[in-house]
Amino acid sequence: MSSPAERYARSRERGAWQSSPAGRFASSLDFELDPFQREGIVAVQEGHGVLVAAPTGAGKTVVGEFAVALGLETGRKTFYTTPIKALSNQKYHDLVARHGVGNVGLLTGDASVNGEAPVVVMTTEVLRNMMYAASPTLTGLGYVVMDEVHYLADRWRGAVWEEVIIHLPASVQVVSLSATVSNAEEFGDWLRTVRGDDTRVIVSEHRPVPLWQHMMVGKQLLDLFVTDGSGGGTAAQGGTTRVNPQLLERISGAERAAQSQGWRREDAGGPRGRRGAPRGRSRGTDSRERGGRGGTAYRDDSRAATGSLPGGAPTRAEVIDQLDRHGLLPAITFIFSRAGCDAAVQQLLGRGVRLIPEEEGQAVRDLVTRRVAEVDPADLGVLGYHDFAEGLARGYAAHHAGMLPLFREIVEELFTAGRVKAVFATETLALGINMPARSVVLEKLVKFNGETHAPVTPAEYTQLTGRAGRRGIDVEGHAVVLWRRGVDPMDVAGLASTRTYPLRSSFRPSSNMAVNLVSQYGRERAHELLQSSFAQFQADRSVVGLTTQVRENLVALDGYAEAMTCERGDFREYGRLRHELSELEKMQARRLQAQRRADIASALEELEPGQVIQLDGGRKGSMAVVLRGARRTASPEPSVITSNGSLQRLTVAGFRDVPEVIGTLRVPAHFNPRSPKARKDLASALRDTVREPRPGRGGPGGGG
């Protein structure tokens with residue numbers, strides 16, 4: 001039992017916490033802070049720069065939202081930056097709902113709303129451009145939240161994040177939010193170097209909602225992993241985890257069935273099996289009306305073929321139906337194609353699929369009608385509004401950057417409210433947009449990276465499947481990979497179980513960047529800034545490591561030199577002479593070999609029709625008669641008929657020594673080498689006319 005003094009101390013500590021900005025912010029939330037969240041907001045309150053690295057869905061944005069609240073409380077301007085416009089739009093609406101429309105602005109390439117507000121949400125490119133232009137909006141800036149800061153590894157736009165971090169004044173407090181990376185400390189060290197402050201690095205690897213991994217083979221849903229002989233799904237649970245033997249057996253059977261039907265490898269495949277339930281089914285599954293099932297089979301993301309492939313991958317309608325049966329809706333299906341997302345909605349509409357009751361669908365339709373009331377009806381027809389609204393009224397929709405922003409906002413609003421059960425989305429939805437689902441489906445594990453179609457990386461896989469599992473709603477999330485021919489379950493297991501994602505800089509100075517830097521800061525300062533990049537920081541660290549290794553090797557060599565000391569002579573000089581002698585011997589051998597090949601090539605070029613040469617040292621069939629010499633044809637390889645009747649071409653590689661002419665034989669003027677009978681007759685004449693040579697002469701190997 002604690003003493004009165006200890007109880008008094010705890011009471012004072014609680015009082016201090018509740019009266020602090022961090023305590024007041026925490027009390028305004030409807031959930032208890034996790035330890036890493038509390039540590040993060042305390043560090044921000046104390047004036048530190050912060051790097052928070054935590055799994056997708058863990059709630060790291062709470063730290064950024066506290067920076068916004070602290071900025072409003074202390075009268076300092078706050079910028080909240082994101083990688084994409086869709087995430088900026090969503091964060092804008094979230095902050096407006098919390099702080100009021102007058103306190104929050106939005107700046108993206110598509111929108112400019114209240115840009116001088118105390119809190120402005122923007123894409124990172126907008127902030128970079130403001131800094132180059134010395135925008136007056138930067139006056140009074142106190143906090144910058146860099147959401148999804150790991151995006152600096154993006155090969156196309158990642159350098160923007162480094163430019164912003166380097167150029168921001170030291171007085172600005174930077175709050176960086178990242179997905180889990182294995183080198184967070186290294187990134188934190190770089191932030192301390194360029195920011196000149198004590199950046200706190202806070203890492204959490206705990207995922208609040210466990211994620212279970214599955215594969216769907218045909219229409220059968222199977223666990224990817226088993227643990228200690230029992231069913232299992234996560235890749236990071238205790239015990240001995242291995243790939244599910246039942247899954248491997250099922251896929252082997254599907255491969256055999258596909259091969260027996262003569263399928264090509266690129267065809268989507270896998271026989272349809274009996275329905276199997278995944279372990280760890282989520283609680284709270286609500287009953288819902290189901291529409292028609294089945295559907296049109298598909299071979300790619302953008303178009304549907306007619307009819308289902310025998311033993312093929314399930315159609316999109318069948319996948320959604322299976323998830324519905326197992327209580328795994330709402331779901332996000334990631335399709336790496338905008339056209340594929342739209343096609344998925346069309347396929348479900350074509351099969352009459354309905355995931356919500358009709359009365360709920362009518363309410364959704366009324367809401368959508370109100371939201372688009374200001375859009376010209378003629379424009380709505382061009383934008384595919386009618387199919388869009390019909391899909392939402394049935395409980396499903398597409399979501400991608402090619403849609404009208406208003407349409408995307410409606411989908412996000414309805415999905416977050418639980419009124420849409422299935423969304424077909426591109427990977428941009430995984431970049432921090434707050435649309436978690438009970439399950440996530442990956443149709444393919446290959447995507448276009450801007451240059452070529454490349455396999456999904458472990459980090460991308462984790463980012464995508466991290467949308468599964470709604471905190472406070474689901475007790476667990478579910479990731480489902482559709483099996484098709486060519487998909488190895490061991491590869492999927494590798495993606496699901498990898499926990500090491502090093503953050504690598506994509507910073508590559510461009511001409512435009514150099515011009516902007518020199519214009520803004522002058523040549524010397526521009527050079528200093530370029531030398532401050534995370535890429536240079538990582539390169540310098542690797543040089544330090546290599547230098548250390550060289551130093552250690554030199555010390556080891558000094559030890560060897562001491563050990564080689566001998567009273568009978570200089571051992572190192574002896575070793576040097578032996579090495580030189582060995583190199584000279586090798587050089588001489590190469591010269592002899594080159595000369596031998598040149599002599600063989602010259603001898604082959606000199607052969608004339610009718611000459612008989614020895615091929616392989618005197619064994620039966622070792623002779624050949626020349627049909628056409630190299631000098632009389634365009635080919636450098638003379639053709640011959642051997643004493644066993646085969647037609648061959650002679651190459652240098654077929655001889656160990658210069659071929660020897662051992663006789664002559666008349667070849668008929670109209671000899672046809674393609675005629676088996678003609679070859680047989682000539683070979684018989686060769687054996688009868690020319691005596692077999694004695695063993696040990698000529699070169700082996702035949703004519704190649």
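Modeller: A residue is called buried under 20% relative accessible area, exposed over 50% and partly exposed in between (1.4 Å probe, protein chains only). The model discussed here is predicted, so to speak of local features requires pLDDT of at least 70 and side-chain atom pairs count only at pLDDT 80 or more, while totals for chains, interfaces and linings use all residues. Residues are numbered from 1 along each chain as its sequence is written, and side-chain values use heavy atoms, with hydrogens and water left out.

Colleague: How many residues of strand 20 are buried?

Modeller: Strands and helices are DSSP runs numbered from the N terminus (E, at least two residues, for strands; H or I, at least four, for helices). In a regular strand the side chains alternate between the two faces of the sheet. In strand 20, Gly-477, Ala-479 and Val-481 are buried on one side, and His-478, Val-480 and Leu-482 are buried on the other. For strand 20 (residues 477–482), the buried count is therefore six of six.

Colleague: Which residue of strand 20 is the bridge partner of Ser-439?

Modeller: Strands count as paired if DSSP finds at least two bridges between them. Strand 9 (residues 211–217) runs parallel to strand 20, joined by six bridges, and Trp-212 stands opposite His-478. Strand 17 (residues 439–442) also pairs with strand 20 in the parallel sense, over four bridges. There, the bridge partner of Ser-439 is His-478.

Colleague: What is the average twist of the sheet from one strand to the next?

Modeller: The sheet is open, with seven strands in the order 10-9-20-17-14-16-15 and mixed pairing. Its edges are strand 10 (220–223) and strand 15 (396–399), each of which pairs on one side only. From one strand to the next, the twist averages 25°.

Colleague: What is the N to O distance in the salt bridge of Arg-192 and Asp-189?

Modeller: A salt bridge is a side-chain nitrogen of Lys or Arg within 4 Å of a carboxyl oxygen of Asp or Glu, and the structure holds 21 of them. Arg-192 and Asp-189 are separated by about one helical turn, because they lie three residues apart in helix 8 (residues 184–195). Arg-192 is partly exposed at 26% relative accessibility, as is Asp-189 at 25%. The N to O distance of their salt bridge is 2.6 Å.

Colleague: Is Asp-321 buried or exposed?

Modeller: Asp-321 forms a salt bridge with Arg-325 (2.9 Å, N to O). Both lie in helix 10 (residues 316–325), four residues apart, about one turn of the helix. Arg-325 is partly exposed at 31% relative accessibility. At 10%, Asp-321 counts as buried.

Colleague: Which residue is joined to Pro-330 by a cis peptide bond?

Modeller: Most residues other than glycine have a negative phi, and most peptide bonds are trans. Pro-330 lies in the loop between helix 10 and strand 14. With omega about 5°, the cis bond joins Pro-330 to Leu-329.

Colleague: What is the phi of Ala-134?

Modeller: Ala-134 lies in the loop between helix 6 (124–132) and strand 6 (141–146), and is partly exposed with a relative accessible area of 48%. Its phi is positive, in a residue other than glycine, and is near 50°.

Methods
Axes fitted to C-alpha atoms, helices over the stretch in contact; angles between N-to-C directions.
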